[in-house]
Amino acid sequence: LILLLLFVVSLGRLAGARADVDGAAAQAARAASIARSPAVAEASAQQTASSALSSQHITCAHLDVSVDTTDFVPGGSVAVTVSCAVNLSDLTGLHLPVTETVANRFVEPIDTYRSTHG
């Protein structure tokens, strides 16, 4: 019974982390889409994703924020992928990996009528 409960807790932790990573990716993509240059977009996405996860009290063993600015022009888009390695090592009694990675990619359009600087 205890093993079953620990397994359910780990599934709940992963589901919560997945939802939080989804939200962080959306927020990071939005922040990147309003930046004026690809370099600023990458920095904004990194900072926004990290802040969004820490505000939800999610601690990633490894956080990776990848920003695709290949179409960073008015009317184009920017894509952000957020990957978070969730630590499960504190759930003793289960033979789970130490971490499980959850990731999501979100694409945000860039306003057609605004300027960007390369």
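A: The account below treats the sheet and then its helices. The model is predicted, so that local features need pLDDT of at least 70 and side-chain atom pairs count only at pLDDT 80 or more, while totals for chains, interfaces and linings use all residues. Residues are numbered from 1 along each chain as its sequence is written, and side-chain values use heavy atoms, without hydrogens and water.

Three strands form an open sheet in the order E1-E2-E3, with antiparallel pairing (strands are DSSP runs of E, at least two residues; helices are runs of H or I, at least four; both are numbered from the N terminus). Strand E1 (60-68) and strand E3 (99-109) each have a single partner strand, so one side of each is left without a neighbour in the sheet. On average, neighbouring strands are turned by 10° against each other, direction ignored.

Seven antiparallel bridges join E1 to strand E2 (residues 77-87); pairing requires at least two DSSP bridges between two strands. Cys-60 stands opposite Val-86 in E2.

Helix H1 packs on the sheet, touching E2 and E3, and its direction makes about 30° with that of E3. Contact means heavy atoms within 4.5 Å; axes are lines fitted to C-alpha atoms, for helices over the stretch in contact, and angles run from 0 to 180 degrees between N-to-C directions. Helix H2 lies across E1 and E2, running at about 145° to E1. H1 covers residues 2-33 and includes Leu-5, whereas H2 covers residues 38-55 and includes Ser-51.
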